Amino acid sequence: MAKGYMGKFLFINLSKEKVQEIALPDWMAQQYIGGKGFGAKLLYDLLPAGTEPFAPENLLMFLPGPLTGTTAPSMRACAVTKSPLTGTFLDSYFGGHFGPEIKYAGYDGLVITGKAAHPVYLWIDDDNVEIKPASQLWGQDALEVNAAIKKELDDDTAKVVSIGPAGENKVRYALINCEYNRQAGRGGAGAVMGSKNLKAVALRGSQPVAIENTEAFKSAVKKANADLEASPDVQALVETGTASAVPFANETGLLPHRNYKDGTYENANKLSDSGQSKHLWLKSAACMGCPIRCSKMGVVRSGKYAGTVSDIVEYESAGLMGSNLAIDDIKAVAYLVKLCDRLGLDSMSAGSSIGFAMEACENGLIESPHDVKIEFGSVDAAEYLIKAIASREGFLGQLLAEGVKRAAEKLAGGAEEFAVHVKGLESPAWGPRGVPGMGLALMTADRGGCHQRGFPVAYEAGGEKWNGKPVEPLGLEGKAEIVAQLQNYLAGTDTLVKCDFGGFGVQPATYAELLTAATGHSVDESLFDEVGERIWNLTRLFNLREGIDYTQDRLPSRFVNEPLPSGPQKGHRITEDDIKCLRSDYYKVRGWDEKGTPTDETLNRLGLQNNESFSF
């Protein structure tokens with residue numbers, strides 16, 4: 001096995017209380033590299049077709065990459081499973097310290113199957129693995145349980161991932177908390193963890209990650225750090241994190257307001273970096289080995305929410321829990337986001353679900369409870385709904401815990417007209433009506449509507465040139481090529497598993513240099529596009545196998561039928577004809593047939609036809 005890898009996975013079957021170390025095949029490391037690639041291959045090969053996400057057979061995996069745990073900057077890990085929210089392939093990324101500790105414990109990934117008879121947590125101390133009782137921890141929030149386990153183990157240095165009550169109650173967008181202030185947020189991996197009666201995983205490792213060519217690796221790390229310092233985008237993140245995107249999105253008409261009815265919000269700046277730095281931030285912090293330090297630790301120092309310790313309210317949470325709900329009090333938004341973290345809810349899906357409920361109440365489809373009025377602008381309503389969703393309490397808690405798509409189907413009466421999701425995943429805070437390429441990226445993302453699988457907004461609204469040429473914001477021509485190339489590269493580098501922010505600065509050739517020096521296998525920058533395309537087609541095959549067909553490659557009704565009421569792209573929408581045109585172009589670029597299925601020629605070209613399977 002090449003250096004950079006630990007050479008084995010740890011498989012844990014909770015039903016049988018069985019633990020196995022399984023060798024990582026050389027072919028798998030070469031063809032899929034790590035993280036997302038390993039997750040896609042393992043899920044496709046090992047999960048029986050049609051398995052329900054909450055069935056014991058579903059796999060829950062924690063996967064680092066070959067550079068995780070080294071001095072390469074801004075490396076992370078991911079959780080991979082079949083999503084209970086969308087039924088699709090799900091990869092959800094997290095920073096912090098848990099990812100490197102997987103490597104230090106001696107593994108290239110943890111693969112968890114089965115269901116424990118009673119609540120448990122895993123204690124992995126190098127090669128000593130224990131399944132420990134956790135009934136005493138059941139019901140604790142995601143941060144309380146972290147502290148409780150460290151106290152029980154008498155080790156503050158252990159690294160812990162955990163779920164809150166939302167995961168225990170199988171809320172379909174429950175998250176996994178990964179040490180403090182880092183989460184595998186999207187798609188419901190925390191609910192899968194709860195379905196297995198698994199409250200937490202604690203890790204302690206002592207094994208170094210070997211590097212093939214130490215001097216070459218030091219040189220590549222130096223170059224990567226220089227790339228980061230030379231990038232204006234990265235330096236902006238050093239200063240302000242993603243909160244500075246709030247004014248940009250507002251000025252370009254992309255910021256969600258009142259459940260995406262509009263793309264601008266008059267009080268947006270109160271939620272931006274300027275508002276947050278004034279009221280919250282005290283110091284910067286970083287994940288292990290990251291020079292960007294995008295975290296802005298702070299505290300609410302006065303008022304109703306005084307004492308709330310916060311990290312930066314990231315752009316997505318500011319958009320979906322703030323402007324989307326017409327809440328402009330940044331202290332209140334910080335409190336609501338922290339409440340989501342503690343109870344174990346993805347704040348993006350939670351914000352979108354609450355916005356949906358507020359509009360449903362406005363339209364008379366649901367009634368407010370007797371003690372709180374569900375309406376836009378109400379912090380009390382948002383707080384009430386977050387707690388109700390996490391505990392699945394009452395009609396609204398049960399309804400919204402299922403996600404916007406299922407809630408709309410149950411309510412009927414026109415609710416699907418304002419249910420904003422793609423394939424069941426609540427949309428990110430980038431309304432695409434003025435940027436059709438972004439609409440295509442959302443339509444075709446492998447885990448449902450997601451902004452992290454391709455982000456052409458920078459070219460369509462940010463003025464960046466594509467291959468040296470300006471991009472027409474509202475045009476359709478050429479958007480498929482841009483989206484497909486972005487998706488391939490991001491899928492390829494998500495195998496490393498790199499942070500998106502690091503990826504803004506570190507150049508493809510530098511990533512290749514890092515990987516070459518670490519493993520001893522000489523690669524160039526084209527590797528990431530090639531591997532990314534292979535993975536993108538494999539996740540497509542997985543989703544098709546699970547019943548997600550081309551008819552779901554589309555946008556929610558709000559973006560199709562309702563023109564933007566304000567902003568620079570006022571009056572624009574993405575019509576049904578636009579969708580058909582974008583989708584048709586995209587399938588051709590991808591080498592898929594008219595129904596979005598990869599052709600035999602494409603699968604042969606990518607080595608996915610009759611290729612090797614992982615088994616044990």
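## A pair in helix α14

Lysine 387 and glutamate 383 sit four residues apart in helix α14 (residues 379-391), about one turn of the helix. Helices here are DSSP runs of H or I with at least four residues, strands are runs of E with at least two, and both are numbered from the N terminus. The two side chains form a salt bridge, with their closest N and O atoms 3.1 Å apart. The term salt bridge is used when a side-chain nitrogen of Lys or Arg is within 4 Å of a carboxyl oxygen of Asp or Glu.

How do the partners differ in exposure? Lysine 387 is partly exposed, at 40% relative accessible area, whereas glutamate 383 is buried, at 13%. Buried means under 20% relative accessible area, exposed means over 50%, and partly exposed lies in between (1.4 Å probe, protein chains only).

## About the model

This is a predicted model, in which local features need pLDDT of at least 70, side-chain atom pairs count only at pLDDT 80 or more, and totals for chains, interfaces and linings use all residues. Residues are numbered from 1 along each chain as its sequence is written, and side-chain values use heavy atoms, leaving out hydrogens and water.

How many salt bridges does a search of the whole structure find? The search finds 37. One of them links lysine 218 to glutamate 215, with the closest N and O atoms 3.8 Å apart. Because these two residues are three apart in helix α7 (residues 214-230), about one helical turn separates them. Glutamate 215 is exposed, with a relative accessible area of 55%.

Lysine 132 also has a partner: a salt bridge joins this lysine to glutamate 130, and their closest N and O atoms are 3.7 Å apart. Is lysine 132 buried or exposed? Its relative accessibility is 19%, so lysine 132 counts as buried. Glutamate 130, at 31%, counts as partly exposed.

## Around arginine 406

Where is arginine 406? You will find arginine 406 in helix α16 (residues 404-411). Arginine 406 is partly exposed, with a relative accessible area of 28%.

Setting aside neighbours within four places in sequence, arginine 406 is in contact (heavy atoms within 4.5 Å) with Pro84, Leu85 and Arg172. Glutamate 239 is 167 residues from arginine 406 along the chain, and the C-alpha atoms of the two are separated by 40 Å.
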